[in-house]
Each structure stands twice: as C-alpha cells, then as structure tokens.
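Let's take a walk through this model together, one region at a time. Keep the structure open beside you and turn it as you read.

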Amino acid sequence: MRVFRLELSSAASCVATLLLATICRSQDPAAGPTPATPTPTTAAKADLPDLGEPAALPQDAPEQLRLVTRQRLREHAYWLADDARRGRYTGSSAQREAADFVAKQFKALGLAPLGDKKTFFQTYPLESITLHASSSILLAGFDCKDFAVLPAGDGKFSAQGKVAYCGKGRADELPSALEGRVPVVVFEKQARGNGPGGDLQAIQRYGDLAKRLAKSGATCGVILLAGDPGPFGNTLNYYGLMPDHPQLSTGGGARAQPLPIPLCVLGGEPAQKALAALGIEMKDGEPIVSATDGKATAKVSLRVDRSQKGSATNVCAVLHGTSRKQEAIVYSAHHDHIGRRVDGDAFNGADDNASGTAGLLALAEAFAKGGKRPERSLIFLSVSGEELGLWGSKHYADNPTWPLDRIVANINIDMIGRAEKDGDGSKIQITPSKDHAKYSSLGRLAAQLAPKLSISFTSGDAYYERSDHYNFAVKGVPVVFLCDGEHPDYHQVTDHADALDYPRMEAVARLLCWTGWSVANEKDRPQELGKQPDW
Ligand SMILES: [Zn+2]
C-alpha cells in the first residue's frame, strides 16, 4: 500500500511548510486429488515451520477454494519477498523479474494473455532522474560509489577540497566559511523513530542542513549515517537517487523540489569505512574527530541525468467465463515495492505486497484448475507503480485491455498477511465499508461470506484512495479492497516473509476467491448501495 506523500522542498524550514499532499501516500485436504502444479516458485525452505493442513472447507463453498492453501501462499510470498528480489523497485530489473515470475505462472496455468500485443505484459512510460554510474566520492582516500544523493537538479557536478567536520550539522557546529571545502556531517537515528513522524523529521533535517550548508558557502554536503539508517535511510527511497534507484515520475518532473546543493548520503559499510578514513569515532552518539582533523581532503563527482525513456510493466491475463464471458471481474494486486535501502538492506515487502500477489497467484491457480468455469470472465491484473502513485492501475484503467464498461467489479488485494497483534486474527479492514458512500453489493456479498471463513470486517475507509482499486472506483467500477492496515513493519526493512500469518492469509484469499466466484455467477452486476446501517 502506498505511503502518505511527503514533499521535500528547498524552501522547507519547518514541518508546516512540508506538504502532506495526500494521505496516500500498501477442509479436507484428503477429499480431492492434488492436481499437478507448475513449479515456478523456489521450493519452500526445508527449515520453515510446519503450517498444518489447510482449513476444512465450509459446506457450501465452491470447489476452487480447496486449491487456495497456506502452503502455496507461503511458497509465492517467500519467492517474492526474498532478498534476491532487492525490494522489487518500480521499473527496475528486479521488478521485471517479479513481473516475469507472475507471467510465467499465468502462462503455465493456461490463462490467456491480456496485455499489449497479445502478450501478458502491459508497459507504461516513466520519466526518470538517474544517478550515473560514474558518480563517486573520494573521502580521505576512501573511494565510494555506493551512496545516495538528494539532488540539486540534473547535470554534472563536482567539488573538491579540504574536509570540513560539521558534527551533526547543527547551526552552531558549522564553520562560518565553507567555500572550497567539503562539509561532512554525521547523522544518527533520530528520536522519533520509524514511521511517518520519523520520516517527516528526517526530510526536514536534510532540507534544513542543505540550506545551512549553502548559506555558509558549501556547494555540496556529505552525510554519514552512523548505525541503523532508520528514517534517514527510508526517505531516500522516495526522494533520493541511488546507483540502481532512479527518481521516477509519470511526467511533470521530479517528485521532490531540488535542494539548494546536493547532499550525498552514505550508510551501512560505506559509512563505516568513511568514518574510519576520516578518523571520526562515535562516542555517546556524538562524532568525535581524531588527530587527522584539518588534513583530510575530499572529492565529489556527480552526474544526474534526466530521461523520458523509463518504463514499468503490469502483467495481465484472463480466464474466459461461460455464459456471460463478455463481462469480467478484475482481481488486482501490486507486485512492486520500494527497493533497497542506502545500507544495502532490502525492503522485502512481504506483507506489502508479496502477500497480495501470492493471493492473486493462488486465486488464478484455483480458478484455472478448480473445475467448473464461472459464467463471467476473470481478469488477473498484477500491477506495478503502486507505491509511487498507483501508476500501473491508473494506466490500466485509462488504457483497459478489456472494455471498461464490461468490467463489473474490481477486487483488490494489498497487504493480507499480518493479523492484528492483539486480536484472534479474524479481523481485516475493508473499503468501501458500509459507512462509505461507495459501499456496494460487492462489499455486502463479501461481508455475508466472511463469517463462513471466520473473518470479520472493520472499516478500511482511511485507505480508500491508497491502493489500486481506487483507479477502478474513479471510473465507476464497484470495488472492494481488503487490507491489514499499517503495522510497525509497514514500509520498513523488517517486513519479512517469516512474519506473515499464512493460515489467516489462506482464509482471506479464500474469502476473495468465493466473493469473485459468486459475483461471476450472479445474474445482476454489482450495484452501488451507498452508506448502509448494516453490512
Ligand atoms: Zn506499500
């Protein structure tokens, strides 16, 4: 699910001037033969805990539900959330690997391609601002190429001179004249910790520092992140450039206003090496400079390119229905996430949204192999660009590969792997809820089926605009979106596959399978109901 959006501006001097532009911003197993399945997933690791047997099916459940199992969901989630996927950043080779993974399975299941030119892929253009591979920093003899840049526009940039030690970058720590010098600042994790508050604080710190350094005559700044990068690292994934991590947009320029001078940020091992090369030791959270002070030199060479040639991909397939096959239900889930952090740790996005993609794949398999076809067709849409602005689903809704007026419903799956901490695991958030003006007979149907799978709904209306269903909703398509909501590991490097609750995912995915099956076979299309007193 998409985060709230923060604007990083050179003019920003206090939280009030940072625009919170949008709150956006993520049975009986023995009763039937196990069909042969394609095996494009990496095998679940042998040392994973036993998940137990899939739950018994409710009496009146469609056969398809039997194929939606906790084991299958875990296989998919582990592959997608593996460190090898490098956080599946939009438009990157890692995201394309994830898209290929999804397409291979659609193909193996015998689904028909529904992308561009009879392929499974639908590609959309992106503008990108890229840190060129030649960019480097030389700090007291330590040559570094793995760092992030908060840019001051595009083009070539270089600075060279004696290092100016600037502590933590407070106003009283800066030398009055920084002309011809390269200021080095050390940041430690700030007090507010992870989450939106910490991210806001981090952006403000970077913006304020760039302004102060520029005022003192510096033409760039080098920031070393000592210890856990925390929000200082996280914010770089939205507003910074890294060697394999451009700033992307769908047009109209950068996501953030350029800073007055570029800030280069080192984390993890490169930061530790730089601290050692510069003779800086951390004592009680304060950077202490040893005898090398005054002697070290630095050289910064940056090249920032702007290109209109970027792209990212959706994956789309259809299982044709029977008597009403001209009409379709779209199942959607985004497979991309936010990449890897400046210290190299990947944002694995297990809940966000390996869990939903695992659900989408499990549902595709269940419907493709589960026997009877539904009357209406089922479209499986695996989108990208969600985290950066719901781009893939917007592109699909604006350029549908199935007539939009014959898409009768969208069922969106984004973050279904984490049960609330103190509950019994039964609750999940739904939007539009019964309290929402866009509540529909689709939501009502899901609400009626939920108790059969021991699921209960709470309102997820706070997230109505924050995932891919929204782009269908604005086109007038009835939607339903199930989501865990935010938790401490949301958009953190700690969102790992071993923290997902697979039995609960099985129940939620089965509920969505059943809901889609029912809608696909009902005589009437789902209708908007408006706000209702009861589910
Ligand atoms: Zn997200």
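This is a predicted model: local features need pLDDT of at least 70, side-chain atom pairs count only at pLDDT 80 or more; totals for chains, interfaces and linings use all residues.

**A guided walk through the model**

Residues are numbered from 1 along each chain as its sequence is written, and side-chain values use heavy atoms, with hydrogens and water left out.

Helices (H or I, at least four residues) and strands (E, at least two) are DSSP runs, numbered from the N terminus. Two strands pair if DSSP finds at least two bridges between them. Strand 14 (residues 324-334) and strand 15 (residues 376-383) run parallel and are joined by eight bridges. On strand 16 (residues 407-413), strand 14 has another parallel partner, with five bridges between the two. One of the contacts there pairs Val 330 with Asn 410 of strand 16.

How enclosed is strand 14 by the rest of the structure? Eight of its eleven residues are buried, so the strand is largely enclosed. Buried here means under 20% relative accessible area, exposed means over 50%, and partly exposed is in between (1.4 Å probe, protein chains only).

Now follow the chain from strand 14 to strand 15. Together with helix 7 (residues 350-369), these two strands make a right-handed β-α-β unit. Right-handed means that, with the strands pointing away from the viewer, the path from the first strand over the helix to the second runs clockwise. Helix 7 also contains Asn 353, and the peptide bond from Asp 352 to Asn 353 is cis, with omega near 0 degrees. Another cis peptide bond joins Thr 431 and Pro 432, with omega about -10 degrees. Pro 432 sits in the loop between strand 17 (427-431) and helix 10 (441-449).

Ala 140 has a positive phi of about 45 degrees and lies in the loop between strand 3 (136-139) and strand 4 (142-144). Met 415, with phi near 75 degrees, is in the loop between strand 16 and strand 17. Are these two buried or partly exposed? Ala 140 is partly exposed, with a relative accessible area of 29%, whereas Met 415 is buried, at 0%.

Let's step back to the domains. The assignment, which comes from an automatic or database source, gives domain 1 (130-307) and domain 2 (320-535). Their centres, taken over C-alpha atoms, are separated by 39 Å. The contact, counted as heavy atoms within 4.5 Å, takes 25 residues from domain 1 and eleven residues from domain 2. Between them the domains bury about 1,500 Å², 52% of it on carbon and sulfur atoms; this is the accessible area (1.4 Å probe) that two parts lose on being put together, summed over both.

How many salt bridges cross the interface of domain 1 and domain 2? The rule finds three, where a salt bridge is a side-chain nitrogen of Lys or Arg within 4 Å of a carboxyl oxygen of Asp or Glu. In general, side chains of opposite charge can pair when their charged atoms come close. The side chains of Asp 228 and Arg 341 meet in a salt bridge at 3.5 Å, N to O.

Over the whole structure, a search finds 30 salt bridges. Among them, Glu 97 and Arg 85 meet at 4.0 Å, N to O. Glu 97 is in helix 2 (residues 93-108) and Arg 85 in the loop between helix 1 (70-80) and helix 2, twelve residues apart. Glu 97 counts as partly exposed at 30% relative accessibility, while Arg 85 is buried at 10%.

Lys 438 forms a salt bridge with Glu 528, the closest N and O atoms being 3.4 Å apart. Lys 438 lies in the loop between strand 17 and helix 10 and Glu 528 in the segment after helix 12 (502-521), so this pair ties together parts that are 90 residues apart in sequence. Within helix 12, Glu 506 and Arg 510 are four residues apart, about one turn of the helix, and they form a salt bridge at 3.8 Å between the closest N and O atoms. Both Glu 506 and Arg 510 are buried. Finally, salt bridges that share partners join Arg 72, Glu 75, Glu 365 and Lys 369 into one network.
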